[in-house]
Amino acid sequence: MKILVTGATGNIGRKVVDHLLAGGAEDVRALTNNPARAALPAEVEVAEGYLGRVSSLPAAFDGVDRMYLAPLLDTIDEVVALAKAAGVRQIVDLSGEAHWTPIAQAVENSGVEWTHLSAGEFTENASVWTDQIKESDEIRDPYPELANAPTNMDDIARVAAKVLLSDGHVGKNYELTGPELVTRADKIRLIGAALGRDLNVVKVSREEGIRVFSRGMDESAEWYVDALAGMVDYAPEPTTTVADVTGVPAIPFAQWAIANADLFR
Ligand SMILES: NC(=O)c1ccc[n+]([C@@H]2O[C@H](COP(=O)([O-])OP(=O)(O)OC[C@H]3O[C@@H](n4cnc5c(N)ncnc54)[C@H](OP(=O)(O)O)[C@@H]3O)[C@@H](O)[C@H]2O)c1
């Protein structure tokens, strides 16, 4: 069975490749813009291309049975049509809510068998506080009370690999979250604990939040802060899907913070 990983040098795609190999996959093809820079394991067949460059896809899709579909909205209709034409039998897509739902919709409309991986906020988004934590023990945030169950990228990749390597997942919409609800203030304090520091969280105005985050995000900071505002009254229940599908529980935020403390030093 030939499995194609698109976006194979992206944050999640690269981990999907590793989990496929660890799970015993023997025929993995990886789609990347830059095969030399990608430094993929030797047993992986490399295809040059990108989901946004549709002319590269017929060759990449040739002979593929199942594929991990990285999230790219711009070309999604052409991508799924080409996958269908090439005889791809199952698509495992990373989609999500709101902005990302057209991906799941296009995959379903294609007529190819599908499994959706729907993720909320990524654990790794905690990097928004990196500069502040490096510089001070006082961390400014406009919505420290906002809670969610952030999803670890490695958990997403683990589920994707499991779904690609086993049967019984067609037609499933897997809602992936972390194992527990944590507020933004909790996340900051857990990073502090991983660093052996006592971080103090200060709630600031929307405008101050935009100013603080502009440093790392430029003009996206306003969009980001207003997106947070829209989520303040909504704390989604954690799911057990990562554990149910893979047999291994989802990674708690505190564990990620300890493993990645160097990002904040
Ligand atoms: N809830 C959520 O937060 C949520 C939900 C669903 C999806 N997402 C999105 O999921 C993505 C996950 O990140 P990811 O790193 O795994 O995947 P990605 O951002 O889709 O990137 C995968 C690969 O696609 C190529 N690529 C991406 N943008 C490109 C561009 N403009 N031009 C040329 N090539 C481009 C790059 O390939 P090469 O390395 O080969 O150059 C990149 O490594 C994020 O974009 C995130 O916004 C988020």
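Which of the 16 residues around the ligand come nearest? In this predicted model, in which local features need pLDDT of at least 70 and side-chain atom pairs count only at pLDDT 80 or more, whereas totals for chains, interfaces and linings use all residues, T9, N11, N33, S95 and G120 come nearest among the 16 residues around the ligand, a residue being counted as near if one of its heavy atoms lies within 4 Å of the molecule. Residues are numbered from 1 along each chain as its sequence is written, and side-chain values use heavy atoms, with hydrogens and water left out.

The shell around the ligand divides into 7 nonpolar, 8 polar and 1 charged residues, where Ala, Val, Leu, Ile, Met, Phe, Trp, Tyr, Cys and Pro count as nonpolar, Asp, Glu, Lys and Arg as charged, and the others, Gly among them, as polar.

Polar contacts (pairs of N or O atoms within 3.5 Å; within protein, one must be able to donate a hydrogen and the other to accept it, and residues adjacent in sequence count only if both atoms are side-chain atoms) involve nitrogen atoms of the ligand: a backbone N or O atom of G120 lies 2.8 Å from one such atom, a polar backbone atom of A119 is 3.1 Å from a ligand nitrogen, and a polar side-chain atom of Y50 lies 3.4 Å from a nitrogen atom of the ligand. The protein covers 66% of the 890 Å² of accessible area that the ligand has on its own, as given by the Shrake-Rupley method with a 1.4 Å probe.
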